[in-house]
Amino acid sequence: MLTSAEWALAITVFIAAVVELVETLTIVLAIGLTRGWRSTLAGVVAALLALTVFTAVAGYSLATWLPEAALQLVVGSLMLVFGLQWLRKAVLRSSGLKSLHDEEEEFRATTAAARDAGVDSRLGLDWFAFVVSFKGVFLEGVEIVFIVITFGLSANSMGVAVTSALVAAVVVLALGAAVHKPLTKVPENTLKYVVGLLLATFGTYWSLEGLGIFSASTEPLEWPGEDLALPLLLLAWLAVSRAMVWRWSRLRTAGPVDVSSHLEV
């Protein structure tokens, strides 16, 4: 039976993986339907092999080289930065300062680029199809791997994190195979907002626990109430993000807003 914290971890990893996999599916479909499936699938397989090596090296390095408190500090800090990047984009979209992500538009743009690209055959493959599919799968996959490893190691629940990502992959692939087109009905922008909130929440929780590395015992610090602090942190980040949405929405209605001068990361 999963604990409440493990359920929260599983849901976070699942949603984040779905978001990344939906974007990956759009790229692969656009290239495969336009340039042919042989070279496209070769790029997908190559990317999966590269991700396997990356996962093994990154997971082993983090798990064996750092003590528990240092691991939580490093992983939590990375997760917090990663989550704030997602949250920043979600705030900009919600306040109308950034256009909403549109999978249908991404599909059309990638398809047009694939049609306009010249023919370049290497190693018996359509090199454009191979490279684009490889990059799409690998880059989106790295983000999934990062989330799985950080959540799995920090919460000592690698099995839960891996299972959640695999379930997300099965769901997205099954839907993609059924409809043969981008999954435009998935509320991707809302899911990105949710993932940003959850990553910022867990990142704050674990990075502050990791500050115990500087204590006499070098053991992770404990939050008052332990896991009960998580929903309070989530509410705090939600309140901060909604306040930012309200502020930037008002500025936008008052006139043009120079986002770069106010929202540097």
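## Basis

In this predicted model, local features need pLDDT of at least 70 and side-chain atom pairs count only at pLDDT 80 or more, while totals for chains, interfaces and linings use all residues. Residues are numbered from 1 along each chain as its sequence is written, and side-chain values use heavy atoms, with hydrogens and water left out.

## Salt bridges

The count is 5 salt bridges (a side-chain nitrogen of Lys or Arg within 4 Å of a carboxyl oxygen of Asp or Glu). One of them pairs Glu 23 with Lys 192, with the closest N and O atoms 2.7 Å apart. This pair links distant parts of the chain: Glu 23 sits in helix α1 and Lys 192 in helix α7 (residues 188–209), 169 residues apart. Helices are DSSP runs (H or I, at least four residues), numbered from the N terminus.

Lys 192 also meets Glu 188 in a salt bridge, at 3.7 Å from N to O. Shared partners join Glu 23, Glu 188 and Lys 192 into one network. Glu 23 and Lys 192 are buried (under 20% relative accessible area, with exposed over 50% and partly exposed in between; 1.4 Å probe, protein chains only). Glu 188 is buried too.

Arg 108 and Glu 105 form another salt bridge, at 2.7 Å between the closest N and O atoms. Both lie in helix α4 (residues 103–116), 3 residues apart. Arg 108 is partly exposed at 44% relative accessibility, and Glu 105 is partly exposed at 39%.

## Thr 40

Thr 40 lies in helix α2. Its relative accessible area is 0%, so Thr 40 is buried. Leaving aside neighbours within four places in sequence, Thr 40 is in contact with Val 28, Ile 31, Gly 32, Ala 129 and Ser 133 (heavy atoms within 4.5 Å).

How values were computed:
Helix = DSSP H or I, 4+ residues; strand = E, 2+ residues; numbered from the N terminus.
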